[in-house]
Amino acid sequence: MEEHFIPGVHNYCDRWCDRCPFTARCRVYVSEQEFSEDAKDPADPAFWQNIKKNFEGVLEMLNKMMAEMGIDPEEMDKLPAPKPDPDIQALEIAMREKTARYANAVDDFFRGNAPYFEEKGEELEAQIQDGRPVDVEKWQFFQDAVDVIRWYQYFISAKIHRAVNSMEHLEEFDDPKQSDSNGSAKVVIIAIERSLGAWEVLSRQLPEKHAEIVGLQRQLQYLHTELCRLFPDWNAFHRPGFDDEPGQTMRLDFNPN
Ligand code: SF4
């Protein structure tokens, strides 16, 4: 069984396990399936016992790795904490504000247009009841686009935060292109591109909402440009699994071109 797992595949994925082609080869997914339902509920003590068990496992692995590298954890504890880079901190705050603005704008869009979507749903229902033809595929694609937007809405913020924060640790990587920062940037840039494509699907199907959607796409385009400027080598990062067997990717790649 062990040899089927792809080492580190879960480190640079989008955590959308329901749509992931690597579930059977992902150690995180497989171990999560072993949890009882109680262990998935934060209100249940089993959930916290499980977290504790996982934490102990990670700590043990880290201590082993440090021992192999000749690092004494007790000596490390005595070292002064590194000072955060003020430029990176300022950048992180600026990006956090912009991603929060996008996430809130997405909520506003769906909340503000709830009556409009309800009306569209009723029109569709009437169309079905009257026996008029319905383009099922088109509406499924539409629903999929909404799912994509919703899935990445907060993910983008979390990953940008990680990409920028990890810039402080670039020198720890022999190859900066394979740094955690560059990998996180790659994952978030892909998420932004998919979100842009998904908004394009909505825009085509809801032409009367075009102006609102363009405003959201502009926010995403700004983030995309900024990330490409900060991480010019983002595409050179190699994601375990996803960049080895891209032909297996099941998720729809929304490509407006
Ligand atoms: S690699 Fe796939 S299965 Fe594993 S955590 Fe990421 S999305 Fe889920």
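**Helix geometry and packing**

Modeller: In this predicted model, helix α6 has a kink of about 35 degrees, centred on Tyr152.

Colleague: How far apart are the end C-alpha atoms of α6, residues 136-165?

Modeller: Helix α6 has 30 residues, and at 1.5 Å a residue these should span 44 Å. The distance between its end C-alpha atoms agrees with that, at 44 Å.

Colleague: Are α4 and α8 roughly parallel or roughly antiparallel to each other?

Modeller: The axes of α4 (residues 86-112) and α8 (residues 210-230) come within 10 Å and cross at roughly 155 degrees. Angles over 145 degrees count as roughly antiparallel. The two helices, α4 and α8, are therefore roughly antiparallel.

Colleague: How many residues in the contact of α4 with α8 are charged?

Modeller: On the α4 side the contact includes Lys98 and Arg101, and on the α8 side it includes Glu212 and Glu226. The contact residues divide into 13 nonpolar and 2 polar, and the charged ones number 4.

Colleague: Is α4 roughly parallel or roughly antiparallel to α7?

Modeller: Helices α4 and α7 (residues 180-205) have axes 15 Å apart and pack at an angle of about 20 degrees. Angles under 35 degrees count as roughly parallel. That makes the arrangement of α4 and α7 roughly parallel.

Colleague: How many nonpolar residues are in the contact of α4 with α7?

Modeller: From α4 come Tyr102, Val106, Phe109 and Phe110, which meet Ser195, Trp199 and Leu202 of α7. By class, this contact has no charged residues and 1 polar residue, and its nonpolar residues number 6.

Technical notes:
Residues numbered from 1 in each chain as written. Predicted model: local features only at pLDDT ≥ 70, side-chain atom pairs only at ≥ 80, totals over all residues. Heavy atoms only, no water. Axes fitted to C-alpha atoms, helices over the stretch in contact; angles between N-to-C directions. Helix = DSSP H or I, 4+ residues; strand = E, 2+ residues; numbered from the N terminus. Parallel < 35°, antiparallel > 145°, perpendicular 65-115°, else oblique. Contact = heavy atoms within 4.5 Å. Nonpolar A, V, L, I, M, F, W, Y, C, P; charged D, E, K, R; others polar. Expected span 1.5 Å × (residues − 1). Bend = angle between axes of the 7 residues up to and from the residue.
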